[in-house]
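Colleague: I have a model open and would like to learn how to read it. Could you take me through it feature by feature?

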Amino acid sequence: MSVSRPICILIAAMGGEGGGVLTGWITGAAQRAGFPVQATSIPGVAQRTGATTYYIEIWPEQTQQRPVMSLNPAPGQVDVMIASEFVEAGRAIANGFVTPDRTLLIASTHRVFAIAERSAMGDGRYDTGRLFRAARDFARASILFDMDQAAKDAGSILNAVLLGALAGSGALPLPPDAFEAGIRADGKAVDSNLAGFRFGLSHGRGEIAARDESASQTAASAGSLLPGRIAALPDAARRHAAEGVKRLADYQDLAYAGLYLDRLETVAVLGDDALTAEVARHLALRMSFEDVIRVAQLKLKPERFAAIEREQRVGPGQPYLVADYVKPGIEEIASLLPGFLARPLIGFSARRGWLDRVYFGMTVRSNRIGGWLRFRLLAGLRPWRPRSFRYAEEQARIEDWLGSIRRAAKLDSALAREIADCARLIKGYGDTFRRGAGNYERIRDQIIRPALDSRIAPAAAADALVQARTAALADPEGESLGRTLSGFAASLPPLRQAAE
């Protein structure tokens, strides 16, 4: 019985991920099996702005006549959708190329964050939970795991793992040997490509489970520090607290991690488990604020160099160069000084207009002795950090934020949680930090403090905080926030004046 239609395969791959090579392997295997096949491609806008798409049609029957095939995919007509990154899978679902009656979805669950995600003032990452749910609801079947990490573990590249997953799925009338023959015929990195292919093949067949990257394992290891105090916290907060202790012990020391738990316990006694969990998460991030010392710490971490070697496939003994471009400004440098020196220096520079114009750009080769020593000298200032101007300023801000949360919790739990979530506004250093901290202070002065002084109803203040925070995150320059705050102030009834 002759078939009535081809098998339609759509591939979405970003630049440098070998989407063209993957397409060649698939079409080559079909040609060697005697199946008519056709492939086309549409270039993407850029490596992360839009993936290059490759479209393949395979007529799964040997025939003397050349069947008529389409050059472009049509929504609802794709049999196999392959995505090299998870949001690209979501893009394909949104465009109608993944349907529950027809499509097998093969996608790597790793993320390559877009510029909009990285530059957002808050957490701008797309919700991968929604992507998993969409894959479940819209695909006939799916093969989802972190193929990028699997490729690194196998010493291979991503497209080989994708090919293996396709071969193991059984969606094509081609045996795995046909694809392996194509890899060998290609003659490039044969052993590593075969290793990646076989790893993906096992996943496609369901022979091994996907990598378990459960955060509970991380939390358990972190919980070995100060375990009794973490265990005494509400269940909802323990995971965040364990990770916070681990983070802050690395950032400063165990005593600083103990201060984190001291502060968290003052919120836990209020009896709101959801609020405690929110504060546990945000407080760890606020206490590990970014300064010059922290940047140097992160640049020197051995796991950073191990990740670079793995990602760039550096062989044993093979030399390589890591060049870090850093551009500290006057404020970042002055923040290391004690307050009595830093304040006049920053004030003088602000009056001269230097804070936003004067930077000291340099390229540091961090895996060479000279560059390594520069970062090591800065990272070695960690014991000095508690004496620095930035440390004192941040601790004061943190105490003010926590004090507002504790006062609000006595008035309205929703208001307290919204104040806690305002910590999302403050991050980074330099211009990013100044804008975020400035926006928070405007919100604090015009909404939070009046609410705590009973000049604004708690429910109205909680709603206003949501709107103001959303405006500040969407527009870090503060113009949208200014309009939101002005509109809120105009909506408030006039305060009653006391009779004289």
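Colleague: What does the secondary structure of the protein chain come to?

Modeller: The protein chain has 23 helices and eight strands. Helices (H or I, at least four residues) and strands (E, at least two) are DSSP runs, numbered from the N terminus. Keep in mind that this is a predicted model, where local features need pLDDT of at least 70 and side-chain atom pairs count only at pLDDT 80 or more, while totals for chains, interfaces and linings use all residues. Residues are numbered from 1 along each chain as its sequence is written, and side-chain values use heavy atoms, with hydrogens and water left out.

Colleague: What box do the C-alpha atoms fill, and what share of the residues is buried?

Modeller: Taken along the principal axes, the box is roughly 100 × 60 × 50 Å. Of the 500 residues, 46% count as buried. Buried means under 20% relative accessible area, exposed over 50%, and partly exposed in between (1.4 Å probe, protein chains only).

Colleague: On to the sheet. In what order do the six strands come?

Modeller: The general idea is that strands of a sheet pair through backbone hydrogen bonds, either parallel or antiparallel. As a working rule, two strands pair if DSSP finds at least two bridges between them. Here the order is β2-β3-β1-β4-β5-β6, in an open sheet with mixed pairing. β2 (37-42) and β6 (141-145) are at the edges with a single partner strand each, so one side of each has no neighbour in the sheet. On average, neighbouring strands are turned by 10 degrees against each other, direction ignored.

Colleague: How many bridges join β1 to β3?

Modeller: Seven, between residues 7-13 of β1 and residues 52-58 of β3, and these two strands run antiparallel. To find one on screen, pick Ile-7, whose bridge partner in β3 is Ile-58.

Colleague: Which strands does helix α1 touch?

Modeller: Contact means heavy atoms within 4.5 Å. By that rule α1 (residues 19-32) packs on the sheet against β1, β2, β3 and β4 (80-83), and its direction makes about 5 degrees with that of β3. Helix α6 (residues 158-169) also packs on the sheet, touching β4, β5 (104-108) and β6, at about 155 degrees to the direction of β5. For such angles, axes are lines fitted to C-alpha atoms, for helices over the stretch in contact, and angles run from 0 to 180 degrees between N-to-C directions.

Colleague: Now charges. How many salt bridges does the count come to?

Modeller: Side chains of opposite charge can pair when their charged atoms come close. The rule asks for a side-chain nitrogen of Lys or Arg within 4 Å of a carboxyl oxygen of Asp or Glu, and the count comes to 33. One of them joins Lys-152 and Asp-148 at 3.1 Å, N to O. Both lie in helix α5 (residues 147-154), four residues apart, about one turn of the helix.

Colleague: Which parts of the chain does the pair of Asp-453 and Arg-407 link?

Modeller: Distant ones: Asp-453 is in the loop between α21 (431-452) and α22 (458-474), and Arg-407 is in helix α19 (residues 389-409), 46 residues apart. Their side chains meet in a salt bridge at 3.4 Å, N to O. Asp-453 is partly exposed at 43% relative accessible area, and Arg-407 is partly exposed at 44%. There is also a network of salt bridges linking Arg-390, Glu-393, Glu-394, Arg-397 and Glu-441.

Colleague: Which helices cover the buried residues of α19?

Modeller: The cover includes α12 (254-268), α13 (273-287), α16 (330-334), α17 (339-351), α20 (413-421) and α21. Among the buried residues of α19 are Phe-389, Tyr-391, Ile-398 and Trp-401.

Colleague: Are α21 and α23 roughly parallel or roughly antiparallel?

Modeller: Angles under 35 degrees count as roughly parallel, over 145 as roughly antiparallel, 65 to 115 as roughly perpendicular and the rest as oblique. The axes of α21 and α23 (residues 479-491) cross at roughly 0 degrees and come within 11 Å, and the two helices are therefore roughly parallel. Where they meet, α21 brings residues including Ile-443 and Ile-447, and α23 brings residues including Leu-485 and Phe-488.

Colleague: Last one: is Ile-293 buried or exposed?

Modeller: Ile-293 counts as buried, at 1% relative accessibility. This residue is found in helix α14 (residues 292-299). Not counting residues up to four places away in sequence, Ile-293 touches Leu-336, Leu-378, Ala-379, Leu-381, Arg-382 and Arg-385.
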